[in-house]
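Trainee: I have this model open and would like to go through it with you. Can we talk about the sheet, then the core and the aromatic residues?

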Amino acid sequence: QVQLVESGGGSVQAGGSLKLSCVASGLSGSNFCMGWYRKVPGKEREGVALIDPYGTPDYANFVKGRFTISIDNAKTTVYLQMNNLKPEDTAMYYCAADSYFRLGNFCGYHGMDSWGKGTQVTISQ
């Protein structure tokens, strides 16, 4: 059973930085898609960044140039470095993972099977 545990959220002023971490356990093999998503109450959850088993990242347009997704060599911890944070980045951030093969050998923002409980990010003016 896959377990994902996020950490690193907090409250910072606009322009500041935070680094989120997601520790994964129970992943079988190394071919997983992993991603970060966020949700604001009253709005749909949205994909923020993905990383495929080959280390190729993908970013939502609204974070390009500001956020960086990465994964450690053991492929058990995925990070989201968030710079130049804006108030509109305020949200609960979730980590997700799924088998690359189950997703059809493609990492997309839809269809992730395993989710963490989230970490809150709050950005003030």
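Trainee: Which strands form the open sheet, and in what order?

Mentor: The open sheet is formed by 4 strands in the order S1-S3-S8-S7, with antiparallel pairing; strands here are DSSP runs of E of at least two residues, numbered from the N terminus, and two of them pair if DSSP finds at least two bridges between them. Strand S1 (3-7) and S7 stand at the edges with a single partner strand each, so one side of each has no neighbour in the sheet. This is a predicted model, in which local features need pLDDT of at least 70 and side-chain atom pairs count only at pLDDT 80 or more, while totals for chains, interfaces and linings use all residues. Residues are numbered from 1 along each chain as its sequence is written, and side-chain values use heavy atoms, with hydrogens and water left out.

Trainee: How many bridges join S7 to S8?

Mentor: S7 and S8 run antiparallel and are joined by 5 bridges, and Ile69 stands opposite Leu80 in S8.

Trainee: And Ser21, is that buried or exposed?

Mentor: Ser21, which lies in strand S3 (residues 18-25), is buried, with a relative accessible area of 18%; buried means under 20%, exposed over 50% and partly exposed in between, with a 1.4 Å probe and protein chains only. Leaving aside neighbours within four places in sequence, Ser21 is in contact (heavy atoms within 4.5 Å) with residues including Val5, Trp36 and Tyr79.

Trainee: Changing topic, which residues have the most contacts inside the largest nonpolar core?

Mentor: They are Met34, Trp36, Leu80, Met82 and Tyr93, in a core of 27 residues; such a core is a set of buried Ala, Val, Leu, Ile, Met, Phe, Trp, Tyr and Cys residues joined through side-chain atoms within 4.5 Å. Apart from it lies another core, of 8 residues, among them Tyr37, Leu50, Ala96 and Leu103.

Trainee: How many aromatic pairs are there in the whole structure?

Mentor: A search finds 4, where rings of Phe, Tyr and Trp (its six-membered ring) pair if their centres lie within 6.5 Å, and planes under 30 degrees apart count as stacked, over 60 as edge-to-face and the rest as tilted. The rings of Tyr54 and Tyr100 are edge-to-face, because their planes stand at 85°, with the centres 5.8 Å apart.

Trainee: Are those two buried or exposed?

Mentor: Tyr54 counts as exposed, at 60% relative accessibility, whereas Tyr100 is buried, at 11%.
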